[in-house]
Amino acid sequence: MTAFNHLLCHLEQEPGTISNTSLTSLFQFITLATRLKNDIILVEPSLSPTSDPPFVLSPAVTVFLSAGCSISPAEVNDAWSLLKDVIWSGGITVDVGRLWETHGTQRGLAEYLLYPPSHSCLHPDCQRRAKGMTLKKAAQTYVVLFTLTKGPCIAKSVHLYCQTCGIDYHHNYSVFKGERTYYEHQPDSVQAADHVFIEKSVIELFRTAMDFPWTSATNCAKLYNLCLSHGKQTPADFKVKFELSVEHVWDGYVITSLLEDCERRMNTLIAPHTGEQRDQFTEAMIARNRRIQLYGYEQVRRHYCNRCTSMYEDEQGVVTHKVSAVVVDGVTVGHPCCAVYNCHTPLSNNHHHFCHLHSGQNDKCVIIGCDLPIVRGRRTCSTLEHRQVEDTHELRGQSRFQLQERLARARTTIATNTSLTDDPPDEEEYEFNENTRRALPATSSSQDRPGRKKFRAVFGRRRTHNEQLIVAPCGMIIARRTFFGAEGVASVKQFIKEVYAGEDAVKPNHIFFDNNCTLAKLAMGDPFFDNIGLSVDVFHFKCKHSQTDTFCQENCNPEAFPELHSDDGKGWRFNSSMAEQTNNWFGKYHPIAREMLAHKFNFFCDELILRRNHRTEEKLGKDGHNPRIWPCQQVFE
């Protein structure tokens, strides 16, 4: 006799059981007691057979089941007497998921039903809603739901249509006139493609994997397919694969991040319902990028805590002034950009060399300074020297030439910073020998010699130069800016002024920057930098700044600023190396972000920083550093 038949027989013999205890408590009792079987055996006498259940439970188990099932101890004893044989035989366990897959799809059923949040139209002026009528025009399709605990599962996505209002209600959003409007309160899964849904817990796992171990979307997909899919295979008659792709990971990442951003701002996410999935959220991403560029990372510009700001009070305990600091530094993380130097117009495709404004440059010779048209089938003009440079460039891409370069590098006695895995330089330099009529790559030891001409060319894509960060000594990232051409000090100066230009911004009292000796000269006469100290952080000042530079020693030596010293005079008040530590974290995203288009690159970087700032602020609070927001700027004016 099966366990189910045993249970039915016992309930027939004791019909009062159902009236005395709810079915919920009954099945909860069976589940909990089944899991406690080994603990029950442990406290029984050593001669008691483990194949038979004991007649009485131990006091500890009785008290636990009483509390866990919301029944009295006497009811626990009655239930045990009635159900102990069922429990001892393993309880009532069944692989429900496999039953759904085996028998449900044939009958239009599925274990997971992805319906809209309501069976009624949500439009406030809907006549059907006013009459209390529910939506009955439905369309359903089978999809795959990627779950965290059960792997990929067959689900049924159902959308309901209001014939009066013309609104189509889906699981995550409604559609009206080709436009998606996402619901304010989202369910536990996100639609990442037409037939793919992903649980939010899975997406959060991917986002966390990107935050800490620098896991790419490709490896996130592999991680799920290898470790979290539970070895499930796509049923033979099912058209959607039980396999998560890179595109699914990115779409889930972007949609979830946009929904969270809208939730923080009490806004609604709206996106087009037409076109390809990868393009539907481009405008929303660009809009957030622009907002962050204009207004920064929420209220981080006004952040202060005990690690980045020191407060000073008078005898009455009133705060009279403060000393705060930030650190500015750049990190080599970038994306493809227009080959015209310092052009900020984004590329429409990451394989393009020029933006749409400079697309005419594709027909010109790639040798810098030459505007002659290219020869058909080549990227240089008809000039012999230029064609020789192009031939050498093509040869460098072949394996034999790479091995020759590697051998030459191995024989070099002085190590260089060049790596075989580094991105190729934006500009390549060549040396043309007029005697041999050949062009060879120029080296650092090459000097101007008779009969030699040097040429610079841009064969590959140009990349942005660096990401400039402003970081507080506590670890909060205040701002980020892409520098396209170079880390120019004038650009750094403008960046700082723009970040602290708003009326609500509180300027720091001190700015650390490894080239402050140049910045200090540029800032002379600029009222913005009045009462702002400009020094070089301790490490760079000792290692990379000349002792014979009088201006630097007098104006940028951190020792010359008493407010930077700790109260006991034995150390420094602020961690001026925080930007270097942050760059170590941020720079490791270069392999992940290096091929992204500008809008996706900026969105990804901003999301990483927002999440890192949130974690940093939480840790500052737990460690007792009291993170908070300046109430207004005028307090210390």
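Reply: Here are the ground rules, then the labels one by one. This is a predicted model, in which local features need pLDDT of at least 70, side-chain atom pairs count only at pLDDT 80 or more, and totals for chains, interfaces and linings use all residues. Residues are numbered from 1 along each chain as its sequence is written, and side-chain values use heavy atoms, with hydrogens and water left out.

Me: How many helices and strands are in the protein chain?

Reply: The protein chain has 21 helices and 22 strands. Helices (H or I, at least four residues) and strands (E, at least two) are DSSP runs, numbered from the N terminus.

Me: Why does glutamine 280 count as buried?

Reply: Its relative accessibility is 4%. Buried means under 20% relative accessible area, exposed over 50%, and partly exposed in between, with a 1.4 Å probe and protein chains only. Glutamine 280 therefore counts as buried. Across the protein chain, buried residues make up 44% of the 637 residues.

Me: Where does glutamine 280 lie, and what is it in contact with?

Reply: Glutamine 280 lies in the loop between β9 (270-272) and α12 (282-295). Contact means heavy atoms within 4.5 Å. Leaving aside neighbours within four places in sequence, glutamine 280 is in contact with Arg180, Ala271, Pro272, His273, Thr274 and Gly275. Its C-alpha atom is 9.8 Å from that of isoleucine 270, ten residues apart along the chain.

Me: What makes the pairing of glutamine 280 and arginine 180 a polar contact?

Reply: A polar contact is a pair of N or O atoms within 3.5 Å; within protein, one must be able to donate a hydrogen and the other to accept it, and residues adjacent in sequence count only if both atoms are side-chain atoms. The side chains of glutamine 280 and arginine 180 are joined at 3.3 Å. The glutamine 280 side chain also reaches the backbone oxygen of histidine 273, at 3.3 Å.

Me: Is serine 189 buried or exposed?

Reply: Buried, because its relative accessible area is 5%. Serine 189 is found in strand β7 (residues 189-193). Its side chain makes a polar contact of 3.1 Å with the side chain of histidine 171. Beyond four places in sequence, its contacts include Leu114, Leu145, Asn172 and Phe197.

Me: Why are α10 and α11 called roughly perpendicular?

Reply: Two packed helices are described by the angle between their axes and the distance between the axes. Axes are lines fitted to C-alpha atoms, for helices over the stretch in contact, and angles run from 0 to 180 degrees between N-to-C directions. Angles under 35 degrees count as roughly parallel, over 145 as roughly antiparallel, 65 to 115 as roughly perpendicular and the rest as oblique. Helix α10 (residues 217-228) and helix α11 (residues 246-264) pack at about 110°, with axes 8 Å apart. They are therefore roughly perpendicular. Ala217, Thr218, Cys220 and Ala221 in α10 meet Val246, Val249 and Trp250 in α11.

Me: What makes α9 and α21 roughly perpendicular?

Reply: The axes of α9 and helix α21 (residues 598-622) cross at roughly 90° and come within 11 Å. The two are therefore roughly perpendicular to each other. Residues meeting there include Glu204 and Arg207 in α9, and Phe604 and Glu607 in α21.

Me: Where is alanine 209 placed, and why does it count as buried?

Reply: Alanine 209 is in helix α9 (residues 200-211). Its relative accessibility is 12%, so it counts as buried. Alanine 209 touches Trp214, Thr215 and Cys220, not counting residues up to four places away in sequence.

Me: Which residues touch the most other members of the largest nonpolar core?

Reply: A nonpolar core is a set of buried Ala, Val, Leu, Ile, Met, Phe, Trp, Tyr and Cys residues joined through side-chain atoms within 4.5 Å. Of the 101 residues in the largest one, Ile470, Ile496, Tyr500 and Phe604 touch the most other members. A second, separate core of 19 residues includes Phe29, Leu36, Val76 and Leu83.
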